[in-house]
Number of protein chains: 2
Amino acid sequence: MSSDERMPRTRRARKAPAERAAEITAAAHALALEDGLAAVTLRAVATRAGVTPALVAHYRPAMDALVADTFAAIVSAEVDEVAALVASRPTPTARLGTLVATLLDGERDDVTLVWVEAWALGRRNETLAARVREQMDAWQAVIREIVDDGVAEGAFDTDDAASVAWQVLGMIDGLNAQALVRWGDAGDRGSLIMSALEGMLALPRGALATPAVE
Amino acid sequence: MSSDERMPRTRRARKAPAERAAEITAAAHALALEDGLAAVTLRAVATRAGVTPALVAHYRPAMDALVADTFAAIVSAEVDEVAALVASRPTPTARLGTLVATLLDGERDDVTLVWVEAWALGRRNETLAARVREQMDAWQAVIREIVDDGVAEGAFDTDDAASVAWQVLGMIDGLNAQALVRWGDAGDRGSLIMSALEGMLALPRGALATPAVE
DNA sequence: GGTGTTATTGATCATGCGATCAATATATCG
DNA sequence: CGATATATTGATCGCATGATCAATAACACC
């Protein structure tokens, strides 16, 4: 069939630079969530945005940076979203339980894929690597604040909240990455980890049992 | 300088097929450990083996398969090595502690890189993806056997050894992947996780304290 | 309404990838 | 010693990547 509507047969309408730039950013964003960061390619973004590769290059002269920015946008949106959800819970214990349960509920596999690819691509894209470290710091800060609060209130017991936060983050990332490959028999990620956290924070068994999120 | 000794200026000595094949396999192996699976490319392997790309293609007609085999060889060697080390320990508790401590001692970052890249590349290389699942199963089996033994002896308490094994594996992978990016302030990965395991297995605090490995 | 700015394009370059194939040289076997 | 099998090569194809640049056309402004 000749339904070739890929490239603009007629020259695309001229748009305000800010608008076009936003469209290109959005195309990269969507592409990364659907097919991963490795799919964020000059030509793929152009096709997705209904535009010539040269135009993408005009707005984003370096693809490395576009990939890095796309990663940062996706992940920081997730951080903000989860941080907001968590903030609505009353106690550090509830906040920690909600954070873990939310991140392990299996509804963010697209973001997990972005993370895993970022770890790999970061070795050949220094701009991206820097963004990865930034976002890891952001996540760790969110978790650490919860742990600090819990320690202050006497709910948690640890003398190294920073390390606990790193450890929690690493555990979550690992379990999600694993689920990415093992979809099918994923089992219940998220219930056992509560016991693990209880061990790390000297909590009684069951203290972190998955809370009903409203 | 004209020290171009890349390509064989004189035709390479003709070798027994098995030997040449082994050299190519070894080149791919070394390349993956040094620069990651993504560096295992037809031309890179050829250069490393001191041979023409065409010869590599002659022995390994599909690069997908060479990459997948390289992954499997590296990881299964690690599984065997660690399994042997662990088997030398007397009790399930000591075995689990040794396993975790060994895998988190930071001396296998090259293998971790291979893992992370395999997760990412597996999405575009089905042969590799299958091998990844195989090796994950192998790791899970090793851990699960330890947990089963511990439960049988009454040392561990869990009603789902399989899930615990998956969880332990995921946690280890996540912490190692994290360390890959955050080298510098890695801190002591490996001590906190013992507390986490104690929580998962209903062990008293400190029961898994890092054992002196001989 | 003419003019200038610039958004947009098509063409093209250099690079790297996996793969194929006819030609060549070497080892082995009769 | 001659013949056969095959290890090895150089050349080349097709494809995808990021990047550059002169030419074109739409808009804004005077």
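**Exercise 1.** What should the 13 residues of helix 6 (residues 109–121) of chain B span at 1.5 Å a residue?

*Solution.* The model is predicted; local features need pLDDT of at least 70, side-chain atom pairs count only at pLDDT 80 or more, and totals for chains, interfaces and linings use all residues. Residues are numbered from 1 along each chain as its sequence is written, while chains are lettered from A and ligands numbered from 1 in the order in which they are written.

Step 1. A helix here is a DSSP run (H or I, at least four residues), numbered from the N terminus.

Step 2. The expected span is 1.5 Å times one less than the number of residues, so helix 6 of chain B should span 18 Å. Its end C-alpha atoms are 18 Å apart, which agrees.

**Exercise 2.** Determine how many residues of helix 6 of chain B are buried.

*Solution.* Step 1. A residue is buried if 20 or more other C-beta atoms, placed from the backbone, lie within 10 Å of its own.

Step 1. In helix 6 of chain B, 10 of the 13 residues are buried, among them B:Trp115 and B:Trp119.

Step 2. The partners of these buried residues include helix 6 (109–121) and helix 8 (161–181) of chain A.

**Exercise 3.** State how chain A is related to chain B.

*Solution.* Step 1. The copies are superposed by least squares on the C-alpha atoms of residues with pLDDT of at least 70 in both.

Methods. Helix = DSSP H or I, 4+ residues; strand = E, 2+ residues; numbered from the N terminus. Buried ≥ 20, exposed ≤ 12 C-beta atoms within 10 Å, placed from the backbone. Contact = placed C-beta atoms within 7 Å.
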